[in-house]
Amino acid sequence: MRIETLSVFPMMFDTPTSAVGASIIGRARTTGILDLINHDLRDWTHDRHRSTDDEPFGGGHGLLMKVEPVFEALDDLLGNHEDADKNTEVIFFAPFGQRFDQEMARELAGKHRLILVCGRYEGFDERVYSRADRVISLGDFILTGGELPAMCVIDAVCRLLPGALGDEHSPIDESFTEGLLEYPQYTRPAEYRGLKVPDVLLSGNHSLIDQWRREQSIIKTASLRPDLIDSAKLSESERQLVKSQSTEKAERLKTIEIVTADWQVEQAEPVVEAELTDEAAEPVADEAASVVEAAEPIVEKTEPVVEAAAPVVEAAEPPAVVEASTAIDQSLKTDSPIQLTTTSERDDMSEPKHYRELEQQLDTVTSSINELDPIPFPESDLISFDDPTTASASDPESAQKRRAEEAPWKKKKKKRSLARELLSFVATIAFVVCLTAAFKLFVIDIYSVPTGSMSPTISVDDRIIAEKVSRYFSPIQAGDIITFTDPIREGRILVKRVIAVGGQTVDLIDGVVYVNNKALVEPYTLGRPSLPLRTANGVTIEYPYRIPEGQIWVMGDNRTDSLDSRYFGTIDERSVSGRSILVLWPFEHFGTFD
């Protein structure tokens, strides 16, 4: 069988490790069972940019695949074979196509030749579908292009070709062959972590095994894909099996509903009891509310009296309070009991009566204080109330005792010194961190290269050093390797080489880059660009292109197989973070750049 693909990315089918280059399909291609040929749609374009897409009439988002390359490619491909019209099928992929299934795969496997046309972007110009024998859809979802659906069709069709699979009976027992899902299958060991293989499969009775597999296939299909049962070829007994399975399923659902209802009742019981308790408490709450309501007039009458008395209480300073304060201070200094004049000794004083009541309360407090143990103040502190210098000179023993008492206070001073040292250490660490951050932000930084677009100059995951100072004193020039912020993915840092700067003109002719009409030939490139160069926002531009001031044109050294070639083009100079100066890691790559 011959299958041909028509795509703007034929390399997706050509690599040995692709989905159609390995395993069963790769073996079928090697043995000659399948002849897979991949065509580049750009070979049928006529402009120097090899354009296959253009803007849609009437406006809209995105680009459409042009009609001319597709028509001319099909004219050439179909005209080269005598059997093109009788056993060849041209297939397109689109969301409105027929749903691909196993039955369609078997039908296509009977063809002699298939041509799979893969679209991109927003799809094809509607006129190209007039050349389609069939339009296929894999399902209700959108893919980037038609290459992946084409690979699925190739895989499904190839495995049905005679000799493609090692066992000729393998396609017969698979799912969807008879409109049913495949039965469950098991292999060694017979038991693993308590999970056992069904006994019937270990019995050796092949008739029972075939019967079990048929029943399990029907049960599995009825449970997981009931939509397939109606079209499946079943006997009367097998349809009874389906009904019994449906009945059991309905009973299980009913049991689940009953259990769920019981659980909901259990969850609701505490809530109902709480509501009943709240109902019982309502009379008590009503009675309390009536008491509060009755007390409100009394409170309203009392409030003016309290407000009028407040200034008088605040302005008055009872002599007893002053006397108590003085007595407590004297007691602390002399280590003697507190002495206060009793109420009886002050009965004849001309004071308001409420002062006397206050003094009675103060007498009670005084007696409680006198019962406490004396406060052990150091003798040195008692001397300091007078003249510590004179006391030390006149009493040598007292000075010696004072020095002995100073030891605990020196320990506190040492503790305070340790705290200051800790604070100083933290401040030093903070200063070093801030200095490092400033150095990294304004002077130099280390980056990890995310892609292979600079190969072989810089490899993937190389650690490079970029300095950030020189760009403020000397302008960026062609040939510089720079680091800059990705214009598409925010926060990502890319590494590219400057090709041209603002005011210069860039052109692309037959895969060769021209700067100011001079061909760009450098020793570090691997070859010509494999894709059309674009601006930083991913939009294809018209050549020759004059770079606006304030922008620069960058490219990777890898011009042939770089997957991020869509970032080639202009970037804003303000996005440049620094000049790359050397590879730091790994050591085998250590060194400066060319």
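## Salt bridges, strands and a surface patch

Asp 557 and Arg 497 form a salt bridge, with their closest N and O atoms 2.9 Å apart. (A salt bridge here is a side-chain nitrogen of Lys or Arg within 4 Å of a carboxyl oxygen of Asp or Glu.) The two sit in distant parts of the chain, 60 residues apart: Asp 557 in the loop between β18 (551-555) and β19 (569-572), and Arg 497 in strand β13 (residues 493-501). Both Asp 557 and Arg 497 are buried, where buried means under 20% relative accessible area, exposed means over 50%, and partly exposed is in between (1.4 Å probe, protein chains only).

Keep in mind that this is a predicted model, where local features need pLDDT of at least 70 and side-chain atom pairs count only at pLDDT 80 or more, while totals for chains, interfaces and linings use all residues. Residues are numbered from 1 along each chain as its sequence is written, and side-chain values use heavy atoms, leaving out hydrogens and water.

**The whole protein**

- You'll find 14 helices and 21 strands here; both are DSSP runs numbered from the N terminus, helices being H or I with at least four residues and strands E with at least two.
- Of the 594 residues in the protein, 32% are buried.
- The protein exposes about 37,900 Å², and carbon and sulfur atoms supply 56% of that; the areas come from the Shrake-Rupley method with a 1.4 Å probe, and for residues only the protein chains shown count as cover.
- Take the contacts (heavy atoms within 4.5 Å) between residues at least 6 apart in sequence: 65% of them join residues at least 24 apart.

- The structure holds 20 salt bridges.
- Side chains of opposite charge can pair when their charged atoms come close.
- Arg 113 and Glu 4 meet through their side chains in one of these bridges, at 2.5 Å from N to O.
- Arg 113 belongs to strand β6 (residues 113-117) and Glu 4 to strand β1 (residues 2-7), so this pair ties together parts that are 109 residues apart in sequence.
- Arg 113 and Glu 4 are both buried, and they join Arg 2 and Asp 35 in a network of salt bridges.
- Asp 507 pairs with Arg 48, with 3.4 Å between the closest N and O atoms.
- That pair spans 459 residues, from Asp 507 in strand β14 (residues 505-509) to Arg 48 in the loop between β2 (35-40) and β3 (53-54).
- Asp 507 is buried at 9% relative accessible area, whereas Arg 48 is partly exposed at 36%.

**Strands side by side**

- Strands of a sheet pair through backbone hydrogen bonds, either parallel or antiparallel.
- An open sheet of 4 strands runs in the order β16-β15-β14-β17, with antiparallel pairing; two strands count as paired if DSSP finds at least two bridges between them.
- Its edge strands, β16 (518-519) and β17 (545-546), each pair on one side only.
- β15 (residues 512-515) and β16 are joined by 2 bridges, and Val 515 has Lys 518 in β16 as its bridge partner.
- Elsewhere, β10 pairs with β11 (residues 463-467) over 5 bridges in the antiparallel sense, with Ile 446 opposite Ile 465 in β11.
- Strand β10 (residues 444-448) has Asp 445 and Tyr 447 on its covered face, and Ile 444, Ile 446 and Ser 448 on its uncovered one.

**A nonpolar patch**

- Leu 422, Phe 425, Val 426, Ile 429 and Val 433 make up a nonpolar surface patch with about 490 Å² of accessible area together.
- Patches are built from residues with over 30% relative accessible area and no salt bridge, joining like charges within 9 Å and nonpolar side chains (Val, Leu, Ile, Met, Phe, Trp, Tyr) within 5 Å.
- Val 433 lies in helix α14 (residues 407-442) and is exposed, with 52% relative accessible area.
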